Amino acid sequence: MGNITKRESLGRAELERLVTLALDEAKQRGVDEAEAAASQDTGLAATARLGEVESIEYTNDRGIGITVFKDSRKGNASTSDMSPEAIREAVAKACTFATLTAQDEYAGLADADLMCRDFPDLDLDHPWALDADAAIAMAIEAEAAGLQSDKRVSNSEGGTVSTNRGTRAYGNTHGFVGSYSKTSHSITCVLLAEADGVMQRDYHYTSTRSAEDLEAPADVGRQAAARTVGRLGARKIETTRAPVLYIPEVARGFMGHAIRAIAGGAQYRRSSFLLDAVGEKLFPHFVNIQERPHLARAMASVPYDAEGVATYDRDIVVEGVLQGYLLSSYSARRLGLTTTANAGGAQNLIIPGGGKSQRELLGEMGTGLIVRELIGQGVNGVTGDYSRGAVGHWVENGEIAFPVHEVTIAGNLRDLYQRIAAIGDDQDLRSGIRCGSILVEEMTIAGAELCSDTCSCVSWRCCSQAAASLMIFSS
């Protein structure tokens with residue numbers, strides 16, 4: 001199949017030059033402040049299903065955005081046309097828009113003395129010389145290994161291999177201009193298994209900055225098969241209250257609700273269940289949340305945030321106590337605080353474990369539910385009420401007994417965070433939140449029997465409201 005024709009990609013120096021051009025144009029138009037960001041993304045993704053090519057996608061995207069501030073008014077515009085003429089036109093549009101918006105005393109750049117001056121080498125850029133033929137071969141290999149590993153694996157949604165390289169440049173009228181490149185590569189396999197006329201679906205994936213750190217394609221397929229077969233024979237369970245163990249890839253989402261609640265936007269809008277919570281003991285004493293933006297090859301490492309502010313190590317939660325919020329310069333001004341270099345989000349949150357493996361946590365749990373997947377969006381960020389459909393395994397005497405489906409787990413996040421009994425050392429490194437398995441000492445687990453006698457759906461969706469009601473009377 002060979003190589004795909006590609007248009008020339010823009011490098012760091014060229015993107016920085018275009019950012020400078022936009023800023024110079026804005027200054028000539030008399031703005032008070034301005035910032036510009038330019039990007040170039042290239043990538044390849046190939047999917048094979050049942051041994052045949054399903055799709056090949058090549059991306060080569062670029063764009064530049066300009067934001068101007070004039071008399072406490074803000075205007076922005078963007079374009080994918082990187083010619084000087086188009087950039088000047090975008091700047092003109094941004095300046096026009098700034099005359100039409102309302103004044104906002106909090107708008108503006110981050111303080112000049114907070115700009116990044118030293119650029120650490122974070123080892124984020126590892127291009128993969130992968131052509132379409134090689135990507136397809138690896139996708140087929142992953143899928144084939146999964147299909148051949150167990151006769152109950154009867155079908156596939158495909159194997160996918162992808163690679164992406166992105167370059168970002170940012171600058172502002174404080175004189176700051178910076179850029180960096182980063183890569184991400186992944187192999188994914190999604191399989192279906194069947195037993196007694198019932199089908200189940202699951203997947204596995206590996207994702208890293210460097211291709212040399214990826215799991216082997218065949219291992220990805222076999223792990224996807226093991227996970228899928230492990231769901232066969234799933235049962236419903238009776239409504240109960242019992243311990244719940246979140247596996248790492250689900251645990252990071254469970255903790256992510258707290259991170260969103262302490263973001264500056266949620267705080268100044270007064271729309272957080274952790275409102276004004278700095279200094280409060282939100283978790284047990286053994287829970288710590290650390291932000292480490294400069295980890296080599298990590299998935300959320302950055303030298304500076306989206307405003308050019310230098311990133312730095314900080315401890316967000318120490319011995320269960322919240323130390324501070326995640327703030328951009330805008331949200332910080334709204335709250336009368338200082339930016340924490342989190343414009344654009346958190347960077348590499350680490351939740352250290354307590355020295356126990358997942359196996360040891362199962363023994364500590366005794367009897368309860370392992371949650372392997374969550375379904376639905378039943379989380380209220382204002383009240384903290386939590387009700388999610390769950391799929392996993394029931395555990396008895398520290399051993400996996402059988403797979404479980406069609407249940408709802410419910411509680412209030414403030415209470416659930418206090419009920420964390422242990423955190424495992426089996427950290428998942430594939431995202432910006434590095435967290436091991438989390439054991440919650442007790443949650444409401446609602447089974448399908450909560451449906452009314454006249455209900456015919458017999459599913460967790462019907463039971464979600466009933467589970468929330470049960471939670472009130474069980475707490």
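How many cavities of 30 Å³ or more does the structure hold? The structure holds 1 such cavity, where a cavity is a set of points, on a 1 Å grid over the protein atoms alone, at which a 1.4 Å probe fits but cannot get out. The structure is a predicted model, in which local features need pLDDT of at least 70 and side-chain atom pairs count only at pLDDT 80 or more, while totals for chains, interfaces and linings use all residues. Residues are numbered from 1 along each chain as its sequence is written, and side-chain values use heavy atoms, with hydrogens and water left out.

Two or more lining residues come from each of helix H5 (248-261) and strand E9 (314-318); helices (H or I, at least four residues) and strands (E, at least two) are DSSP runs, numbered from the N terminus. The lining divides into 10 nonpolar residues, no polar and no charged. In this division Ala, Val, Leu, Ile, Met, Phe, Trp, Tyr, Cys and Pro count as nonpolar, Asp, Glu, Lys and Arg as charged, and the others, Gly among them, as polar.

Strand E9 also belongs to an open sheet of 5 strands, in the order E10-E9-E8-E11-E16 with mixed pairing; two strands pair if DSSP finds at least two bridges between them. At the edges are strand E10 (321-322) and strand E16 (433-435), each pairing on one side only. Helix H5 packs on this sheet, touching E8, E11 and E16, and its direction makes about 120 degrees with that of E16. Contact here means heavy atoms within 4.5 Å, and angles run from 0 to 180 degrees between the N-to-C directions of axes, which are lines fitted to C-alpha atoms, for helices over the stretch in contact. Within the sheet, strand E8 (residues 289-291) and strand E11 (residues 349-351) are antiparallel and share 2 bridges, with Gln290 opposite Ile350 in E11.

A further open sheet has 6 strands in the order E3-E2-E1-E4-E5-E6, with antiparallel pairing. Its edge strands are strand E3 (73-79) and strand E6 (198-208), and the twist averages 20 degrees from one strand to the next. Helix H1 (residues 12-28) packs on the sheet, touching E1, E2, strand E4 (153-172) and strand E5 (177-195), at about 145 degrees to the direction of E1. Helix H3 (residues 132-149) lies across E1, E2, E4 and E5 and runs at about 140 degrees to E4. Strands E1 (residues 33-49) and E2 (residues 52-70) pair over 17 bridges; Gly43 has Thr59 in E2 as its bridge partner.

Strand E7 (residues 240-246) is largely enclosed by the rest of the structure, because 5 of its 7 residues are buried, that is, under 20% relative accessible area with a 1.4 Å probe and protein chains only. Strand E7 joins strand E17 (residues 438-446) through 6 bridges in the antiparallel sense, and pairs with strand E12 (residues 368-375) in the parallel sense over 3 bridges.

Ala422, in strand E15 (residues 420-423), counts as buried because its relative accessibility is 7%. Among the residues that Ala422 touches, not counting those up to four places away in sequence, are Phe286, Leu361 and Ile438.

Key:
1 Å grid on protein atoms, 1.4 Å probe; cavity = no way out; pocket = protein on both sides within 12 Å on 5 of 7 lines; lining within 4 Å. Points joined across faces, edges and corners; volume = space filled by probe spheres on them. Buried < 20%, exposed > 50% of the residue type's maximum accessible area, 1.4 Å probe, protein only.
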